[in-house]
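Here's a quick walk through one protein chain, from the whole fold down to a couple of local spots. Have a look at the model first.

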Amino acid sequence: MAARVGLTFVPLLLLGNIKSKKLLKMADKHQIPELVAKKEDILRKLRQRTIIFHILIFVPIIIFWATIIASLERTPLTGRWRIILLSPEEEEEIAAQLAGPGWYRAVGEILSAEGQPSIIPPSDWRLQWVRDTLRRLEGAIPTLAREDELCQHWVDCGPDDIPLPPPADYPLRPRPRASEYLRRFAEMTCARTCPPAPHVIAGPPYSLLVIDKPDASNAFSYGFGPDGGGGIVVFSGFIDEVLSKNQGPMTEPEPQSWLARLFGLGPREPPHPTPTEQQTAELATLLAHELAHLVLSHHIETLSSGSIVWPSVLSIVTDAVRAFLFPVTMLFGPFINDALAGMGKVGAGEFSQLSEFCTSQKQEVEADIVSARILAHAGFDPRRAARFWEERQDTPQTAECSPGRADAATVAGTAESLTRKWIGDTHPVQQVRVEKLKAELDRWEKERVAARAKRDAERAQQPAASVAPASDSEPQPGENGHER
């Protein structure tokens with residue numbers, strides 16, 4: 001608010017400086033006695049207005065960029081720079097709201113927007129299958145923090161083994177930011193010590209819901225924080241799609257005792273397909289992708305960029321334009337100024353949609369790359385993930401965050417949004433994701449070959465180095481008076 005009030009004085013300062021410069025030119029050209037006498041006073045006011053103008057312009061810019069720099073951090077495992085304008089205390093507040101039953105309430109409100117959801121009960125074998133697969137993937141998350149210690153054998157993986165990734169340059173650890181270092185420096189200057197307040201890692205166990213919705217073949221993750229503050233929702237349509245391929249044998253019905261048959265107790269569970277290893281691998285691929293979103297705190301990043309960063313940038317730009325045009329628009333009444341504000345809101349909506357698409361595309365690619373690590377450490381072959389996403393079509397039924405689906409929700413009829421015109425359709429998201437995932441797997445293999453060659457070269461040098469001192473200690477011909 002203070003910046004908006006200050007910007008309203010910028011046009012007045014510019015007009016005052018223009019008037020002062022004209023008076024100085026007239027005084028120098030025509031030598032008017034009155035202006036010559038006031039020349040020093042005019043110069044003093046010109047310098048004052050210039051200083052105030054620079055303060056009003058550059059102070060908000062410096063504060064804004066200082067805030068952005070202080071909020072920069074490296075994304076774990078990938079090292080991508082990102083901005084999260086949330087303090088550890090704010091993240092803890094969000095996590096506390098979603099912990100325990102809070103996540104189920106929040107997800108229930110999301111699902112209720114399309115009608116009352118049908119939740120599959122815990123006794124259903126499908127939920128048990130999904131839960132067991134998720135828990136297996138969760139067991140690999142601690143390895144992401146200590147890959148260099150726990151996975152030193154990644155170099156020895158052969159073509160028939162599950163390829164393990166090289167240790168990440170940015171392990172999965174708490175996320176201190178520049179603001180934390182600045183806070184520690186300020187405390188040190190005051191001869192005080194403060195406990196570090198890193199941004200925590202929202203680890204397992206994660207919440208899980210399976211929704212009975214045959215026409216939806218996808219899943220999504222939501223939330224942030226420990227104690228079940230983050231979780232995954234899987235729709236039964238995806239389970240049906242996976243089970244329809246490479247069908248396994250049916251389970252045998254459990255025998256009932258004569259007492260249960262006599263009193264009609266404990267109805268037998270109907271036979272169901274037994275998931276095969278390949279079906280479990282496909283389920284794990286989708287779950288690992290959603291799990292990567294939670295591990296990388298993508299939802300916190302989206303919340304920060306969508307509700308804080310870009311709205312703030314657009315608000316500053318709009319206010320600056322309105323302030324500079326205020327001397328002109330005030331001559332035509334408040335309607336012109338309000339129209340400019342309306343145009344700013346429309347442009348902000350389109351720009352926000354564009355930034356959201358770009359951010360979500362980066363996050364989808366990043367989740368695919370990190371999910372390959374999770375799959376490998378959990379005992380699944382990450383090469384199957386590339387084939388899974390390559391065969392999976394990007395449709396409203398299967399897409400997690402399909403741009404086409406977003407456009408359908410925001411643009412009526414067949415009208416094409418401005419965002420899609422800017423982005424174009426030459427590079428579908430699904431194709432980009434598959435290419436990036438294959439490139440990541442190729443990078444693993446190249447680093448494995450290079451590390452193996454380096455290790456073999458070091459081993460070859462060690463025997464030579466150990467033989468050299470021994471050969472130096474042998475007597476040479478002519479030593480001790482003996483000659484051969």
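## The chain at a glance

Of the contacts (heavy atoms within 4.5 Å) in the protein chain between residues at least 6 apart in sequence, 77% join residues at least 24 apart. Keep in mind that this is a predicted model, where local features need pLDDT of at least 70 and side-chain atom pairs count only at pLDDT 80 or more, while totals for chains, interfaces and linings use all residues. Residues are numbered from 1 along each chain as its sequence is written, and side-chain values use heavy atoms, with hydrogens and water left out.

Here are the overall values for the protein chain.

| Property | Value |
|---|---|
| Secondary structure (DSSP runs: helices H or I, at least four residues; strands E, at least two) | 18 helices and 5 strands |
| Buried residues (under 20% relative accessible area, 1.4 Å probe, protein chains only) | 38% of the 484 residues |
| Accessible surface (Shrake-Rupley method, 1.4 Å probe) | about 28100 Å², 61% of it from carbon and sulfur atoms |

Now for C151. This residue sits in the loop between helix 8 (147-150) and helix 9 (178-189). C151 is buried, at a relative accessible area of 6%. Leaving aside residues up to four places away in sequence, C151 touches T143, R146 and H377. There's also P167, 16 residues apart from C151 along the chain, with 7.7 Å between the two C-alpha atoms.

Over to helix 5, which spans residues 88-98 and holds E93.

Notes:
Buried < 20%, exposed > 50% of the residue type's maximum accessible area, 1.4 Å probe, protein only.
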